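Dear colleague,

Please find below the structure that I am handing over to you. My notes on what was found in it follow directly after.

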Amino acid sequence: MAFSRVALHKVGIMDQIDLRTRMERVLYSEDAISERVRKLAEQISDDYRSRGHAADRKGRPLLIVGILRGALVFMADLAREMTIPVEYDLISVSSYGNGTAPGAVRLVKDLERPIEGRDVLVVEDIIDTGYTIEYLRRNLESRDPASLRVCTLVDKAARREIQTQVDYVGFALAEDAFIVGYGMDYAELYRNLPFIGVLKQEYIG
Ligand code: PRP
């Protein structure tokens, strides 16, 4: 159906922008991501299958905890490639602004259900300084899960400011590039790009 004059008038400038043109380069293509996600899912499925969910004595499925909002895309793809039964839950945290202790993190949205006695896999899109995941690890561990592991698609280990254990890594990124796409944003944009790209410097700031 054709747009009416009025509707066309309402189309914002943002709708005209192709965000792909703002990439300096593609770092991980759609194909590279899907291949890596498939392998990770296989490895995770094999690991938990071989444990026979021994840790969860009630035999409940692995609980995947996604960290809003960046991990949503990765979590959805990873879970669909996994070959063991899983359940989902979501949690949201936020960094405190300037003027607080470096790395201070607060809980914005908690899990819907208790995790005591459950096998839990926390899924992140990226681990950078490590403050977010370390806060979550401590917070979730205090709830007494049977096991707690962490999976991140991208690990920027060189940027780490606090030690934290990461059990599964999709891509180890050595360079300090500003990356977006596949769930990752800059000022809330770019999350729906199907690849991970390096944002041109002129669009940062
Ligand atoms: C990003 C990312 C991680 C965190 C990693 O989240 O999703 O949760 O930063 O950084 P850190 O290791 O330095 O703590 P962000 O706060 O940008 O929110 P988002 O998930 O909504 O994009």
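Arg-69 sits in the loop that links E2 and H3. In this predicted model, the peptide bond between Leu-68 and Arg-69 is cis, with omega at about -5°. Most peptide bonds are trans, and most residues other than glycine have a negative phi.

The interior comes next. In soluble globular proteins, nonpolar side chains tend to be buried together. Here the largest nonpolar core holds 31 residues, and those touching the most other members are Phe-74, Leu-78, Ile-179 and Ile-196. Among the elements that each supply at least two residues of this core are strand E1 (23-28), helix H2 (30-51), helix H3 (72-81) and strand E6 (147-155). The greatest contribution comes from H2, with 6 residues.

Leaving aside residues up to four places away in sequence, Phe-74 touches Val-37, Leu-40, Val-123, Glu-124, Cys-151, Thr-152, Leu-153 and Tyr-182. Within H3, the buried residues are Phe-74, Met-75, Leu-78 and Ala-79. These four lie on the same side of H3, because they cover an arc of only 120° around the axis. An α-helix has 3.6 residues a turn, so residues three or four places apart point the same way. The partners against which the buried residues of H3 pack are H2, E2, E3, E5 and E6.

How much space lies in the largest pocket? The volume is about 1000 Å³. Its lining consists of 38 residues, of which Ser-95, Glu-124, Ile-126, Thr-132 and Asp-185 are the closest to the centre. Strand E2 (62-68), strand E3 (86-95), strand E5 (119-127) and helix H4 (131-141) each give two or more residues to the lining. By type, the lining comprises 19 nonpolar, 10 polar and 9 charged residues.

Yours sincerely

Definitions and conventions
Residues are numbered from 1 along each chain as its sequence is written. This is a predicted model: local features need pLDDT of at least 70, side-chain atom pairs count only at pLDDT 80 or more; totals for chains, interfaces and linings use all residues. Side-chain values use heavy atoms; hydrogens and water are left out. On a 1 Å grid over the protein atoms alone, a cavity is a set of points where a 1.4 Å probe fits but cannot get out, and a pocket is an open set with protein on both sides within 12 Å along at least five of seven lines; lining residues have an atom within 4 Å of a point. Grid points are joined across faces, edges and corners, and a volume is the space filled by probe spheres set on the points. Ala, Val, Leu, Ile, Met, Phe, Trp, Tyr, Cys and Pro count as nonpolar, Asp, Glu, Lys and Arg as charged, and the others, Gly among them, as polar. A nonpolar core is a set of buried Ala, Val, Leu, Ile, Met, Phe, Trp, Tyr and Cys residues joined through side-chain atoms within 4.5 Å. Buried means under 20% relative accessible area, exposed over 50%, partly exposed in between (1.4 Å probe, protein chains only). Contact means heavy atoms within 4.5 Å. The arc is that of the directions from the helix axis to the C-beta atoms.
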